[in-house]
Amino acid sequence: MASPGPEARSAACSASELLFGDTAVNVVGLMSGTSADGVDAVVVQIEGAPPALRWRLRAHVHTPYEPAFRREVLAAMVPEQGTVDRLCRLNVELGLAFARAAQRAIAAAGLRPEEVELIGSHGQTFWHAPAGPYPSTLQLGEAAVIAEETGITTVSNLRARDCAAGGQGAPLVAYVDWLLFSHPTQARALQNIGGIANVTFLPARDAGSAAAPLAFDTGPGNMLIDDAARRATDGHAPCDRNGAMAARGHIHEGLLAELLAHPYLHRPPPKTTGREEFGTDFSARVWERARALGLAPEDLIATVTAFTARSIALAYREHLPAMPAEVILSGGGVRNPVLVHWLQQELAPVPVRLSDDLGLPAEAKEAAAFAILAYETWHGRPGNLPEATGARHPVVLGQITPGRSWPRRGGP
């Protein structure tokens, strides 16, 4: 694969200064991660094609789920509670929530819906099972509802085609990481910390054709921390805001060693994970184990925060071809200063910085990636990176639900 040249990389760093031509289009990207805390919606202006793709972020809006709705979404992710009628209703409710988030982002960008070409919607993941005889993944948030409410053509269900081609269906963001953030002379790791943490390793572009990107889920990101915070506060705190509880606690090295022995962490890539591995059942077992050890809630939160940091560092040392020259962080976890500080300690002397430094706010990065993937699908170009997902070959991702103006310029 060709990689972006200096002009494309410069566009990522100083996108606000770029001038776009008549072929530029506005695309909305929608993302709700494993934490299910709400929808990140972005508007991205895009022009060109790889390796000369140009883009700029025009707006980013986070729309949190109402607490009761979030509880309903999380409850339906538990197999014993995710009944077919519950999932059917939530598919439509989530579609409405995603449509409203898109409308807010469009307004924040100072645009009318008629000025937006596409919506790329990741949806809300309820189950991810890429291994076994029937590889599968389930994201809800009905695209027909999004297209009907906004009038905009919507690209959705982007993970399923990669699974059908023998891949893990993730991490799809790896393709966008490679496209926008590869460096000519040094290896980079793009580390996202959402509910689940994932890394994209980008070798230096000038390292030769044998060097290939690598991406996989490193393990839990915020998931165990959020669950412990909810349990510690009887549901009043959805997360450990600013790492305050972890900062008051003490790491229990014995429990941390038990967590680090989890088989997933030592399984070689390609691999992905989610709530089916580290969700409610696992969190409950960790909570009960901490109680048996006599840990205070703050000590457990400190321990699972350290687990996220150390499991990321472990993944680098066990599974990356080499340590990167720098690590670039994104995702909601970057706003937890305790987690970031401990990760910096674990990865030292490798410098760790935020994707904000490269022109893309940490919380907006994944939503922007799905805008770009939708743009690639709209032009009939593959959007997966087989070296990262394990797919047999590159594939065009997703399904297209026409909007009111179908078809429009620049598309099929």
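Visitor: How do the residues lining the second largest cavity divide by class?
Guide: A cavity is a set of points, on a 1 Å grid over the protein atoms alone, where a 1.4 Å probe fits but cannot get out; lining residues have an atom within 4 Å of a point. Ala, Val, Leu, Ile, Met, Phe, Trp, Tyr, Cys and Pro count as nonpolar, Asp, Glu, Lys and Arg as charged, and the others as polar. Here the lining has 6 nonpolar, no polar and 2 charged residues.

Visitor: What kind of model is this?
Guide: Residues are numbered from 1 along each chain, and side-chain values use heavy atoms, without hydrogens or water. Local features need pLDDT of at least 70, side-chain atom pairs 80 or more, and totals for chains, interfaces and linings use all residues, since this model is predicted.

Visitor: Which element gives the largest share of the second largest cavity's lining?
Guide: Helices (H or I, at least four residues) are DSSP runs numbered from the N terminus. The largest share, 5 residues, comes from α6.

Visitor: Which element gives the most to the largest cavity's lining?
Guide: Leu-224, Asp-227 and Trp-287 are among its lining residues. With 4 residues, the top contributor is α7.

Visitor: How many of the 23 residues of α13 are buried?
Guide: Buried means under 20% relative accessible area with a 1.4 Å probe, protein chains only. The helix is largely enclosed by the rest of the structure, because the buried count is 17.

Technical notes. Buried < 20%, exposed > 50% of the residue type's maximum accessible area, 1.4 Å probe, protein only. Helix = DSSP H or I, 4+ residues; strand = E, 2+ residues; numbered from the N terminus. 1 Å grid on protein atoms, 1.4 Å probe; cavity = no way out; pocket = protein on both sides within 12 Å on 5 of 7 lines; lining within 4 Å.
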